[in-house]
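Open the model in your viewer and get ready to select a few residues by number. We will go from stop to stop together.

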Amino acid sequence: MKKLLPLLICVAALSAGSTAAARPDLRLGIQQALLARTGTETSSNWAGYAVTHRKPFTSVTGRWVQPAATCADLSSTYSAFWVGLGGFSRSSFAVEQTGTIANCLNGSPYYTAWYELYPKPPVLLRLAVRSGDTFSATVSVSKQIVLIRLKNVTTGKLFTKRLHMRRPDVGSAEWVAEAPTGCDYTGSCSTLPLTNFGTVAFSHGTATVRGHKGRISDPVWSATTIELHGDLNDPTHPSSAGANAIPGELGGDGGSFAVTWQELTPPGG
(Lines give C-alpha, C1' and ligand atoms only; values in the text may rest on other atoms or scores of the structure.)
Protein backbone atom coordinates (compact mmCIF):
# COMPACT_ATOMS: atom_id res chain seq x y z
CA MET A 1 0.00 0.00 0.00
CA LYS A 2 1.10 3.56 -0.52
CA LYS A 3 2.71 5.47 2.32
CA LEU A 4 1.07 8.72 3.40
CA LEU A 5 3.35 11.71 2.91
CA PRO A 6 3.05 14.82 5.08
CA LEU A 7 1.69 17.21 2.47
CA LEU A 8 -0.01 19.71 4.74
CA ILE A 9 -2.51 22.49 4.26
CA CYS A 10 -3.68 23.89 7.58
CA VAL A 11 -7.43 24.40 7.53
CA ALA A 12 -7.02 27.33 9.90
CA ALA A 13 -5.34 29.15 7.02
CA LEU A 14 -8.33 28.34 4.82
CA SER A 15 -10.95 29.68 7.19
CA ALA A 16 -10.55 33.21 8.45
CA GLY A 17 -11.55 33.55 12.06
CA SER A 18 -11.57 29.82 12.82
CA THR A 19 -9.34 28.12 15.38
CA ALA A 20 -6.80 25.49 14.39
CA ALA A 21 -7.74 23.31 17.37
CA ALA A 22 -11.20 22.74 15.95
CA ARG A 23 -10.00 21.51 12.57
CA PRO A 24 -7.60 18.90 11.19
CA ASP A 25 -4.61 19.46 8.96
CA LEU A 26 -5.36 18.59 5.34
CA ARG A 27 -3.03 16.33 3.39
CA LEU A 28 -3.09 16.31 -0.41
CA GLY A 29 -1.17 14.27 -2.91
CA ILE A 30 -0.31 10.59 -2.77
CA GLN A 31 -3.03 8.29 -4.06
CA GLN A 32 -4.30 5.57 -1.72
CA ALA A 33 -5.09 2.85 -4.26
CA LEU A 34 -6.82 -0.19 -2.85
CA LEU A 35 -8.18 -2.25 -5.72
CA ALA A 36 -6.81 -2.39 -9.25
CA ARG A 37 -8.09 -3.96 -12.42
CA THR A 38 -7.14 -3.45 -16.03
CA GLY A 39 -7.45 0.23 -16.87
CA THR A 40 -9.22 1.16 -13.61
CA GLU A 41 -8.26 1.64 -9.97
CA THR A 42 -10.39 2.09 -6.90
CA SER A 43 -9.07 4.71 -4.50
CA SER A 44 -10.02 6.11 -1.13
CA ASN A 45 -9.01 9.66 -2.04
CA TRP A 46 -8.54 10.23 -5.82
CA ALA A 47 -10.93 10.40 -8.76
CA GLY A 48 -9.86 11.15 -12.32
CA TYR A 49 -7.19 9.94 -14.73
CA ALA A 50 -3.49 9.15 -14.53
CA VAL A 51 -1.02 8.23 -17.26
CA THR A 52 2.25 6.33 -16.92
CA HIS A 53 5.23 5.70 -19.19
CA ARG A 54 8.59 3.99 -18.89
CA LYS A 55 10.27 7.37 -19.42
CA PRO A 56 9.86 10.40 -17.14
CA PHE A 57 7.18 13.00 -17.76
CA THR A 58 8.32 16.57 -18.20
CA SER A 59 4.99 18.41 -18.01
CA VAL A 60 1.25 18.12 -17.50
CA THR A 61 -1.49 20.61 -18.38
CA GLY A 62 -5.22 20.81 -17.90
CA ARG A 63 -8.25 23.00 -17.37
CA TRP A 64 -11.25 22.69 -15.11
CA VAL A 65 -14.30 24.71 -14.17
CA GLN A 66 -14.38 25.41 -10.45
CA PRO A 67 -17.46 23.66 -9.08
CA ALA A 68 -19.74 25.09 -6.41
CA ALA A 69 -19.63 23.58 -2.94
CA THR A 70 -23.08 22.53 -1.76
CA CYS A 71 -23.16 22.95 2.02
CA ALA A 72 -26.24 21.22 3.37
CA ASP A 73 -25.68 21.89 7.09
CA LEU A 74 -23.07 23.25 9.51
CA SER A 75 -20.68 20.32 9.02
CA SER A 76 -17.30 20.78 7.33
CA THR A 77 -16.40 18.95 4.11
CA TYR A 78 -13.42 19.14 1.78
CA SER A 79 -12.44 18.70 -1.89
CA ALA A 80 -9.55 19.63 -4.16
CA PHE A 81 -9.11 19.75 -7.95
CA TRP A 82 -5.68 19.73 -9.53
CA VAL A 83 -3.19 18.59 -12.16
CA GLY A 84 0.22 17.28 -11.27
CA LEU A 85 3.14 14.92 -11.68
CA GLY A 86 3.97 11.95 -9.44
CA GLY A 87 2.04 10.37 -6.61
CA PHE A 88 0.23 7.67 -8.56
CA SER A 89 2.35 4.51 -8.37
CA ARG A 90 2.87 2.38 -5.29
CA SER A 91 6.49 3.50 -5.17
CA SER A 92 5.67 7.21 -5.36
CA PHE A 93 7.56 9.50 -3.01
CA ALA A 94 6.40 12.99 -4.00
CA VAL A 95 3.83 15.03 -5.92
CA GLU A 96 4.25 18.31 -7.78
CA GLN A 97 0.76 19.78 -8.10
CA THR A 98 -1.36 22.91 -8.29
CA GLY A 99 -5.09 23.46 -8.12
CA THR A 100 -8.07 24.79 -6.25
CA ILE A 101 -10.19 23.82 -3.25
CA ALA A 102 -13.94 23.78 -2.61
CA ASN A 103 -14.68 23.31 1.08
CA CYS A 104 -17.66 23.73 3.34
CA LEU A 105 -16.52 25.28 6.62
CA ASN A 106 -19.21 25.52 9.28
CA GLY A 107 -21.80 25.33 6.51
CA SER A 108 -20.32 28.06 4.29
CA PRO A 109 -18.53 27.53 0.95
CA TYR A 110 -14.85 28.38 0.87
CA TYR A 111 -12.62 28.46 -2.22
CA THR A 112 -8.89 28.99 -2.61
CA ALA A 113 -5.93 28.17 -4.88
CA TRP A 114 -2.65 26.49 -3.96
CA TYR A 115 0.43 24.63 -5.10
CA GLU A 116 2.38 21.96 -3.29
CA LEU A 117 5.78 20.30 -3.61
CA TYR A 118 6.72 17.61 -1.15
CA PRO A 119 8.70 17.80 1.13
CA LYS A 120 8.26 21.58 1.30
CA PRO A 121 5.00 22.86 2.83
CA PRO A 122 2.09 23.93 0.64
CA VAL A 123 1.58 27.51 -0.45
CA LEU A 124 -1.80 29.21 -0.63
CA LEU A 125 -2.12 31.68 -3.49
CA ARG A 126 -3.54 35.16 -3.66
CA LEU A 127 -5.58 34.17 -6.69
CA ALA A 128 -9.33 34.74 -6.55
CA VAL A 129 -11.41 31.56 -6.89
CA ARG A 130 -15.15 31.61 -7.49
CA SER A 131 -17.49 28.85 -8.52
CA GLY A 132 -17.87 28.85 -12.29
CA ASP A 133 -14.39 30.25 -12.92
CA THR A 134 -12.24 28.36 -15.42
CA PHE A 135 -8.69 27.50 -14.37
CA SER A 136 -5.74 26.45 -16.49
CA ALA A 137 -2.74 24.75 -14.88
CA THR A 138 0.68 23.51 -15.98
CA VAL A 139 3.33 21.73 -13.95
CA SER A 140 6.71 21.30 -15.66
CA VAL A 141 9.85 19.59 -14.37
CA SER A 142 13.39 19.85 -15.76
CA LYS A 143 15.91 18.00 -13.59
CA GLN A 144 15.48 19.74 -10.21
CA ILE A 145 13.55 22.76 -11.46
CA VAL A 146 9.75 22.79 -11.14
CA LEU A 147 7.64 25.43 -12.88
CA ILE A 148 4.13 26.00 -11.55
CA ARG A 149 1.61 27.91 -13.63
CA LEU A 150 -1.98 28.48 -12.54
CA LYS A 151 -4.30 30.91 -14.34
CA ASN A 152 -7.83 32.00 -13.62
CA VAL A 153 -8.90 32.14 -17.26
CA THR A 154 -12.14 33.88 -16.34
CA THR A 155 -10.45 36.86 -14.66
CA GLY A 156 -7.16 36.71 -16.56
CA LYS A 157 -5.09 36.58 -13.36
CA LEU A 158 -1.96 34.42 -13.61
CA PHE A 159 0.37 32.90 -11.03
CA THR A 160 3.77 31.46 -12.00
CA LYS A 161 6.59 30.22 -9.82
CA ARG A 162 9.97 28.64 -10.58
CA LEU A 163 11.09 26.35 -7.76
CA HIS A 164 13.95 24.03 -6.88
CA MET A 165 13.12 20.50 -5.72
CA ARG A 166 15.77 18.01 -4.71
CA ARG A 167 13.92 14.91 -5.92
CA PRO A 168 10.79 15.43 -8.05
CA ASP A 169 8.57 12.45 -8.88
CA VAL A 170 8.00 12.36 -12.65
CA GLY A 171 6.72 8.81 -12.99
CA SER A 172 3.13 9.80 -13.79
CA ALA A 173 0.87 12.65 -14.83
CA GLU A 174 -2.66 13.10 -13.50
CA TRP A 175 -5.87 15.12 -13.48
CA VAL A 176 -7.66 14.63 -10.18
CA ALA A 177 -10.56 15.49 -7.91
CA GLU A 178 -9.45 14.57 -4.40
CA ALA A 179 -10.91 13.93 -0.98
CA PRO A 180 -8.17 15.31 1.29
CA THR A 181 -6.88 13.41 4.28
CA GLY A 182 -7.07 14.93 7.75
CA CYS A 183 -4.62 14.31 10.58
CA ASP A 184 -5.10 15.23 14.23
CA TYR A 185 -2.43 16.31 16.70
CA THR A 186 -1.61 12.69 17.52
CA GLY A 187 -0.78 11.92 13.88
CA SER A 188 -3.87 9.78 13.32
CA CYS A 189 -5.05 10.25 9.72
CA SER A 190 -8.16 9.39 7.71
CA THR A 191 -10.00 10.57 4.61
CA LEU A 192 -12.15 13.62 5.31
CA PRO A 193 -15.80 14.01 4.28
CA LEU A 194 -15.95 14.86 0.59
CA THR A 195 -17.69 18.11 -0.35
CA ASN A 196 -20.70 17.75 -2.61
CA PHE A 197 -19.20 19.52 -5.61
CA GLY A 198 -21.73 18.20 -8.11
CA THR A 199 -19.66 17.76 -11.25
CA VAL A 200 -16.24 19.13 -12.12
CA ALA A 201 -15.34 19.28 -15.81
CA PHE A 202 -11.71 18.80 -16.84
CA SER A 203 -10.50 19.61 -20.37
CA HIS A 204 -7.34 20.27 -22.43
CA GLY A 205 -5.59 17.45 -20.60
CA THR A 206 -2.12 16.87 -22.05
CA ALA A 207 1.20 15.46 -20.89
CA THR A 208 4.71 15.47 -22.31
CA VAL A 209 7.38 12.75 -22.30
CA ARG A 210 10.78 13.55 -23.80
CA GLY A 211 9.38 16.05 -26.30
CA HIS A 212 6.26 14.05 -27.20
CA LYS A 213 3.08 15.88 -26.21
CA GLY A 214 -0.26 14.10 -26.26
CA ARG A 215 -3.71 13.95 -24.76
CA ILE A 216 -4.72 11.63 -21.93
CA SER A 217 -5.82 8.98 -24.43
CA ASP A 218 -2.53 9.04 -26.38
CA PRO A 219 -1.48 5.41 -27.05
CA VAL A 220 2.14 6.32 -26.33
CA TRP A 221 1.39 5.91 -22.61
CA SER A 222 -0.99 3.92 -20.42
CA ALA A 223 -4.05 5.69 -19.01
CA THR A 224 -5.83 4.58 -15.84
CA THR A 225 -9.29 5.60 -14.69
CA ILE A 226 -9.42 6.25 -10.94
CA GLU A 227 -12.70 5.91 -9.03
CA LEU A 228 -13.06 7.29 -5.52
CA HIS A 229 -15.20 5.13 -3.27
CA GLY A 230 -16.05 6.72 0.04
CA ASP A 231 -17.08 3.62 1.95
CA LEU A 232 -13.89 1.59 1.66
CA ASN A 233 -13.07 -0.28 4.87
CA ASP A 234 -9.35 -0.88 4.65
CA PRO A 235 -7.24 -1.10 7.82
CA THR A 236 -4.30 0.75 6.22
CA HIS A 237 -6.14 3.44 4.24
CA PRO A 238 -9.72 3.67 5.49
CA SER A 239 -12.02 6.04 3.65
CA SER A 240 -14.61 8.10 5.43
CA ALA A 241 -15.25 10.40 2.48
CA GLY A 242 -18.93 9.59 2.84
CA ALA A 243 -19.50 9.84 -0.92
CA ASN A 244 -18.16 8.55 -4.20
CA ALA A 245 -16.57 10.51 -7.03
CA ILE A 246 -16.69 8.79 -10.40
CA PRO A 247 -14.99 9.98 -13.60
CA GLY A 248 -16.80 9.63 -16.90
CA GLU A 249 -15.29 8.39 -20.12
CA LEU A 250 -12.84 10.55 -22.01
CA GLY A 251 -14.36 12.86 -24.58
CA GLY A 252 -13.76 12.55 -28.28
CA ASP A 253 -10.77 14.90 -28.05
CA GLY A 254 -9.03 12.47 -25.71
CA GLY A 255 -8.31 15.16 -23.13
CA SER A 256 -11.62 15.96 -21.46
CA PHE A 257 -13.81 14.25 -18.88
CA ALA A 258 -16.02 15.02 -15.90
CA VAL A 259 -15.95 13.74 -12.33
CA THR A 260 -19.31 13.46 -10.59
CA TRP A 261 -19.98 13.41 -6.84
CA GLN A 262 -22.29 10.56 -5.86
CA GLU A 263 -24.14 10.01 -2.64
CA LEU A 264 -23.45 6.64 -1.07
CA THR A 265 -26.17 4.02 -1.41
CA PRO A 266 -27.41 3.02 2.06
CA PRO A 267 -26.80 -0.64 2.99
CA GLY A 268 -29.53 -2.74 1.48
CA GLY A 269 -30.64 0.16 -0.70
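**A cluster of rings**

Start by selecting Tyr-49, Trp-64, Phe-135, Phe-202 and Phe-257: ring pairs link them into a cluster. Rings of Phe, Tyr and Trp (its six-membered ring) pair if their centres lie within 6.5 Å; planes under 30 degrees apart count as stacked, over 60 as edge-to-face and the rest as tilted. Before going on, please note that this is a predicted model, where local features need pLDDT of at least 70 and side-chain atom pairs count only at pLDDT 80 or more, while totals for chains, interfaces and linings use all residues. Residues are numbered from 1 along each chain as its sequence is written, and side-chain values use heavy atoms, with hydrogens and water left out.

A search of the whole structure finds 8 aromatic pairs. Now keep Trp-64 and Phe-135 in view: their rings are stacked, at 6.2 Å centre to centre with 20 degrees between the planes. Trp-64 belongs to strand S6 (residues 57-65) and Phe-135 to strand S11 (residues 134-142), so the pair links distant parts of the chain, 71 residues apart. Strands (E, at least two residues) are DSSP runs, numbered from the N terminus. Both Trp-64 and Phe-135 are buried, meaning under 20% relative accessible area (1.4 Å probe, protein chains only).

Next, select Phe-202 and Phe-257, another stacked pair, with 5.0 Å centre to centre and 15 degrees between the planes. Phe-202 lies in strand S17 (residues 199-209) and Phe-257 in strand S21 (residues 257-263), so this pair ties together parts that are 55 residues apart in sequence. Phe-202 is buried, with a relative accessible area of 3%, and Phe-257 counts as buried at 5%.

**A charge over a ring**

Move to Phe-93: Arg-167 lies over its face, at 3.9 Å from the ring centre. For Arg, this requires CZ within 6 Å of the ring centre and within 35 degrees of the ring normal.

**Around Leu-228**

Select Leu-228, in strand S19 (residues 222-228). Is Leu-228 buried or exposed? Leu-228 is buried, with a relative accessible area of 0%. Not counting residues up to four places away in sequence, Leu-228 touches several residues, including Trp-46, Ala-179 and Ile-246; contact means heavy atoms within 4.5 Å.

**Last stop: confidence**

Finally, colour by pLDDT, the predictor's confidence in each residue, from 0 to 100. The mean pLDDT of the protein is 85, and 80% of its residues reach 70 or more. Over residues 1-22 the pLDDT is below 50.

Note on methods:
Helix = DSSP H or I, 4+ residues; strand = E, 2+ residues; numbered from the N terminus. Buried < 20%, exposed > 50% of the residue type's maximum accessible area, 1.4 Å probe, protein only.
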